[in-house]
Amino acid sequence: DILVDFQNRGPNVSTGETFRSLARSDFCSIWGQTYPCGMRPTIVMNTYKWDLMTSASKQRLIKHETGHAVGMMDYCSADSIMNNGTSTCNGGKWTAITGYLSTDRSAVNSIYR
C-alpha cells in the first residue's frame with residue numbers, strides 16, 4: 001500500500017520525497033492484525049518541479065522514490081537508481097541511470113531476505 005501524492009511545494013523543496021506513516025486500520029485488517037500494525041510509505045511529488053521534467057526524468061524519479069518506499073537509501077558508491085543526483089553522488093549521474101541495476105537488486109535482496 002503505497003500512496004503517491006502530487007503537491008505544489010514550490011521551487012525550494014525537492015522534486016520527490018518519501019515519508020513513512022502508520023498503516024491505515026483497514027490495511028491492518030487485511031492481514032488479520034489490530035491497528036496499529038506497521039508503516040506505509042507515502043511518496044510526494046512536487047508538481048512545481050514535476051511539470052518541468054521530461055518523461056524520462058519523471059520515470060526515473062518514480063523508480064528512485066519507489067526504492068525509498070521499499071526501504072532503500074540513497075546510494076552513491078556506484079551506478080544505482082538510488083543515486084540522488086548531487087555532484088558528490090557518483091558524479092551526479094541522475095539522468096544517466098534510467099532503470100534498476102544490479103546494485104539496486106542486491107539492495108532489495110539484502111532487505112527482504
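The model is a predicted one, in which local features need pLDDT of at least 70 and side-chain atom pairs count only at pLDDT 80 or more, while totals for chains, interfaces and linings use all residues. Residues are numbered from 1 along each chain as its sequence is written, and side-chain values use heavy atoms, with hydrogens and water left out.

A disulfide (a pair of cysteine sulfur atoms within 2.5 Å) joins Cys 76 to Cys 89, with an S to S distance of 2.1 Å. The pair links distant parts of the chain: Cys 76 and Cys 89 are 13 residues apart, and each lies in the loop between α3 (55-69) and α4 (102-112). Helices (H or I, at least four residues) and strands (E, at least two) are DSSP runs, numbered from the N terminus. The torsion about the S-S bond of Cys 76 and Cys 89 is about -95 degrees, so this disulfide is left-handed. Cys 89 is buried, because its relative accessible area is 0%.

The structure holds two disulfides. The other bond is formed by Cys 28 and Cys 37, whose sulfur atoms are 2.1 Å apart. Its S-S torsion is about -90 degrees, so the disulfide of Cys 28 and Cys 37 is left-handed. Cys 28 counts as buried because its relative accessibility is 0%, whereas Cys 37, at 29% relative accessibility, counts as partly exposed. With bonded cysteines counted along the chain, the disulfides of the protein chain follow the pattern 1-2, 3-4.

## The three-stranded sheet

Three strands form an open sheet in the order β1-β3-β2, with mixed pairing; two strands pair if DSSP finds at least two bridges between them. Strands β1 and β2 stand at the edges with a single partner strand each, so one side of each is left without a neighbour in the sheet. Neighbouring strands of this sheet are turned by 25 degrees against each other on average, direction ignored. Axes are lines fitted to C-alpha atoms, for helices over the stretch in contact, and angles run from 0 to 180 degrees between N-to-C directions.

Strand β1 (residues 3-7) runs parallel to β3, and five bridges join the two. Within this pairing, Phe 6 stands opposite Met 45 of β3, and Gln 7 has Asn 46 in β3 as its bridge partner. Helix α3 packs on the sheet, touching β2 and β3, and its direction makes about 30 degrees with that of β2; contact means heavy atoms within 4.5 Å.

Strand β2 (residues 16-22) is antiparallel to β3, to which seven bridges join it. Leu 22 stands opposite Met 39 in β3. Strand β3 (residues 39-46) is mostly covered, as seven of its eight residues are buried.

## Confidence of the model

The mean pLDDT (the predictor's confidence in each residue, from 0 to 100) of the protein chain is 85, and 99% of its residues reach 70 or more.

Notes: Buried means under 20% relative accessible area, exposed over 50%, partly exposed in between (1.4 Å probe, protein chains only).
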